Amino acid sequence: VDQFFFFLSGTNNAKVAVLGASGGIGQPLSLLLKNSPLVGELSLFDIAHTPGVAADLSHIETRAHVTGYMGPDQLDAALKGCNVVVIPAGVPRKPGMTRDDLFNTNATIVATLADAVARNCPEAMICIIANPVNSTIPITSEVMKKYGVYNPNRVFGVTTLDIVRANAFVAELKGLDPARVNVPVIGGHAGKTIIPLISQATPKVEFPADQLSALTARIQDAGTEVVKAKAGAGSATLSMAYAGARFTFSVLDAMNGKDGVVECAYVRSEETECKYFSTPLLLGKHGIEKNLGLGKLSAFEENLVADAIGELKGSIKKGEDFVANMK
């Protein structure tokens, strides 16, 4: 009953778990969640350092109550009664690595965490940040299916950073206020599967073909831009924490009954021939209320979609096969 009480009461009292809370993304993400009036309880889990992170955050004068859990034997307790679970756990990229190079390590981590979610809070909204997102979402879905608790409307691959970057880069080029720019980004969350829909941007913007091509490539490779700039010291953590928090707040707003909440995310989809695909989604009390689809694409964007399908299908199959072959 408690689980549904806050849906009905409309109070901002959500219990949110961060799995991987001590990491490069996990710490700033937990800070942003602690700072939000939407969060009543913050449950932090990691394999090391969580008591320190929890103690530190618990001194902040906002009402979210913070608890830290450490190690595999405390994972179940961390998840009990959670309404939203955000998963930034996993290893970051190093220079020269693709997101797919992280596959074996992160696939195992995500499968283990999804297993615990399925057993402890199967109704929760699950927001996956762990790369490669194109494969970790199929992994999460297949694990949930094994327990018979899979709900495609509640499992999200967080691609928000692609939208945040597109907004920032477009605003920079056009001299606009970034807070007012909105560029939908569809497809997946790696390289050429990242498809910014500049033709659907608000406010409306136009670029000559060569500039559009360069801008699209910059959005697709922005993660690598950060990996290179950090020179071995990590990947995008601060911007990812911001994007992860933005997406989580949208989910919480929608769960609290706010109307018209739209975010792009990588989800189970019938919009293309790929089983999973990111498009703008109308969020509601129970997760995805409506998939808003691809909208009207330019010829340039149609080509980007056609180019992405093969890679996306491969990544999806890779994730599904991983779970099928799990011991």
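This is a predicted model: local features need pLDDT of at least 70, side-chain atom pairs count only at pLDDT 80 or more; totals for chains, interfaces and linings use all residues.
**Notebook: salt bridges**

I started with Glu263, which is buried at a relative accessible area of 5% (buried is under 20%, exposed over 50%, partly exposed in between, with a 1.4 Å probe and protein chains only). Its side chain meets that of Arg246 in a salt bridge, 3.1 Å from N to O (a side-chain nitrogen of Lys or Arg within 4 Å of a carboxyl oxygen of Asp or Glu). This pair links distant parts of the chain, with Glu263 in strand E9 (residues 261–268) and Arg246 in helix H10 (residues 238–255), 17 residues apart. Helices (H or I, at least four residues) and strands (E, at least two) are DSSP runs numbered from the N terminus. Arg246 comes out as partly exposed, at 22%.

Residues are numbered from 1 along each chain as its sequence is written, and side-chain values use heavy atoms, leaving out hydrogens and water.

Next I looked up Lys275 and Glu320, whose side chains form a salt bridge at 3.0 Å, N to O. Lys275 sits in the loop between E9 and strand E10 (276–284) and Glu320 in helix H11 (residues 299–324), so the pair ties together parts 45 residues apart in sequence. Lys275 is partly exposed at 37%, and Glu320 is buried at 16%.

For the tally, I have 13 salt bridges in the structure.
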